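Here are some notes to read alongside the model. Please keep the structure open as you go through the points.

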Amino acid sequence: MAHASELIADDIDQYLKAHEHKGLLRFITCGSVDDGKSTLIGRLLFESKLLFEDQLASIEADSRKFGTQGDELDLALLVDGLAAEREQGITIDVAYRFFSTDKRKFIVADTPGHEQYTRNMVTGASTADAAILMVDARYGIQTQTRRHSFLMALMGMRHVAVAINKMDLVDYAEDRYNAIVDEYREFAEQLGLENITFIPLSALKGDNITEQSANMPWYHGTTLMGYLETVEIEDEALQQAPLRMPVQWVNRPDLDFRGFSGMITSGVVRPGDAIRVQPSGNGSRVSRIYTFDGDLDEAVAGQSVTLLLEDEIDISRGDVISGVDQPAHTADQFETSLVWMHDEPLLPGRPYLMKLGTQLVSATVTDIKYQINVNTLEHTAGKQLELNGIGVCTLSVNKAVAFDAFEQSQDTGGFILIDRMTNNTVGAGMLHFALRRSDNIHMQHVDINKQARATAKHQKPAVLWFTGLSGAGKSSIANLVEKRLYAQGQHTYLLDGDNVRHGLNRDLGFTDADRVENIRRVAEVGKLMVDAGLIVLSAFISPFRDERQLARDLLDDGEFIEVHVDVPLDVAESRDPKGLYLKARRGELKNFTGIDSDYEAPEAPEIHLPTAGMSEEEAADAVIAVLRERDLIR
């Protein structure tokens, strides 16, 4: 709710006008578990007289039932809203609260302290202007304190208040406060964190929250509320930055109106200004700045507007409108910092969706250069990122996108990765710079294309992707299908899992990461062979849906035909032509699909072959029949 100002009773119109023009500060509270983050926010609300009587009554009842402060109010319960949080006395989800004072409006995000919920802290920090880092005066700097500090530095947090809490439990000792300050300063210097303010306080007792504490006469700095009311907001700095407006919507209500809608993330724009649209590089001038309330003579960072241009140029959702003097960069390969936020690890080569501003593109982490130990800041090697892992990676997208380095613009330099199957956000990252090969390597035009090569062979190229458990019959059926196609005069090539591992993929093992890379390489080879006009038969276990989807996405519509050679595990194990299942059962063969590594069956294959009840010849007949139905062969 809003600050309980006397103007509410005396002059409500004047109050609303003053409230409307207050600045807004977004900040987060973070730190280790049980450092008092939720209690601090509850204390801010309580001391600012921002609670209704029914809220106080509810907190009194909940304090008796769930509280941890004996007969006193447990103010943390104002924020810890989930039942599981109240039962455990911890914060799990990010809790947002709005409040205001006479000087400023606030949105605070209370983020979890437990390591497994670090991803939630990243979510809260993504929109914050400042951070309050909680430190328990009894324990000092903890692992999660360092982790959150590193994430703040990584995400470009410009203002940090280190709130050294629970000073009442160390008898308000100045030497304890100074020791924590010295330790944290040393760590912060390594991270490059600046603009740090240290405040000793007790969220439970109210010391140094809104008024100077008589218990700490040795401290002469600001109170926490004083800090929040005066810390600089970046609005003015954003207006001085180069113009950026990611296009969210092409506004075309009729034939006479064509505008481009979005929020200006930085800079200022006026009618007559020359602009450039990235990644196309097309230029024009602004003719009008349209809003629901009428045209504007000027629009600044933070405003959502519709721009009309003098020229009819091609602009789509995801493009970025920039000033001509300092346009956004464009590239399709980057060095990035990445925070992994999913239980399933990040595997290089696996396809994801990347959302950068309003742009949504296909993306792949091609390499993990190193992981970062947040305690020591040491760089370590790694083939994958686990939950809450932080690494510096190279990232490739399927087309050039407009961007800025994250340190210059969080809006056009920060991105998220999305799982293609579940649509869950699995990672958050920051773009550092474009790789040189992004500018130096371009697709070479050739005169003889896929259509010409296919026409010469009198066929339509395609990939038949046979997938299934070991022993299902993939290679045998694929071999039989190729023999029949060859007999009919078709031009084919069979890519078999075992054969490829003798050459192209001989350096890969059978871990999940190696399986992903194995299929990625095969998919790229299949794409080249389709470009050559061939019908390609690919026989691989290919256990993961993501990688099969990657192979499909590399080809045009209708060129990828998934063939699920489907048998129950016990049937496949009873066949066991190579004795692999026996070795896996004895523990001699690790990461074997169906035993100690999962197989993700196709959900909607073009061809389903239940081979437990059909012969190889019948399965081959079924495949040939579908190829004829789709007019892929004569």
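1. Classes first. Ala, Val, Leu, Ile, Met, Phe, Trp, Tyr, Cys and Pro count as nonpolar. Asp, Glu, Lys and Arg count as charged, and the others, Gly among them, as polar. With these classes, the lining of the largest cavity has seven nonpolar, two polar and one charged residues. Note that this is a predicted model.

2. The cavity itself. The structure holds one cavity of 30 Å³ or more. The largest cavity has about 50 Å³ of space. Which residues line the largest cavity? They are Arg 26, Phe 27, Ile 28, Tyr 96, Ile 107, Val 108, Ala 109, Gly 124, Thr 127 and Ala 128.

3. In one of them, the ring centres of Phe 27 and Phe 106 are 6.2 Å apart. Their planes stand at 85°, so the pair is edge-to-face. Phe 27 lies in strand β1 and Phe 106 in strand β3, so the pair ties together parts that are 79 residues apart in sequence. Both Phe 27 and Phe 106 are buried. Phe 27 also lines the largest cavity.

4. Another ring pair. The rings of Trp 465 and Phe 560 have centres 5.8 Å apart and planes at 35°, so this pair is tilted. Trp 465 lies in strand β23 (residues 462-467) and Phe 560 in strand β26 (residues 560-566), so the pair ties together parts that are 95 residues apart in sequence. Are these two residues buried or exposed? Buried means under 20% relative accessible area. Trp 465 has 2%, so Trp 465 is buried. Phe 560 has 4% relative accessibility, so Phe 560 counts as buried too.

5. A ring cluster, and charges over rings. Tyr 177, Trp 218 and Tyr 219 are linked into a cluster by ring pairs. Arg 146 lies over the face of Phe 187, at 4.9 Å from the ring centre. Arg 501 lies over the face of Phe 510, at 4.0 Å from the ring centre.

6. Strand β20. Why is strand β20 (residues 390-403) largely enclosed by the rest of the structure? Of its 14 residues, 10 are buried, so β20 is largely enclosed. Strand β16 (residues 329-340) pairs with β20 in the antiparallel sense, over 10 bridges. There, His 329 has Phe 403 of β20 as its bridge partner. Strand β18 (residues 359-372) also runs antiparallel to β20, joined by seven bridges. Val 397 in β20 stands opposite Ala 363.

Terms used: Residues are numbered from 1 along each chain as its sequence is written. This is a predicted model: local features need pLDDT of at least 70, side-chain atom pairs count only at pLDDT 80 or more; totals for chains, interfaces and linings use all residues. Side-chain values use heavy atoms; hydrogens and water are left out. Buried means under 20% relative accessible area, exposed over 50%, partly exposed in between (1.4 Å probe, protein chains only). Helices (H or I, at least four residues) and strands (E, at least two) are DSSP runs, numbered from the N terminus. Two strands pair if DSSP finds at least two bridges between them. On a 1 Å grid over the protein atoms alone, a cavity is a set of points where a 1.4 Å probe fits but cannot get out, and a pocket is an open set with protein on both sides within 12 Å along at least five of seven lines; lining residues have an atom within 4 Å of a point. Grid points are joined across faces, edges and corners, and a volume is the space filled by probe spheres set on the points. Rings of Phe, Tyr and Trp (its six-membered ring) pair if their centres lie within 6.5 Å; planes under 30 degrees apart count as stacked, over 60 as edge-to-face and the rest as tilted. A charge sits over a ring if NZ of Lys or CZ of Arg is within 6 Å of the ring centre and within 35 degrees of the ring normal.
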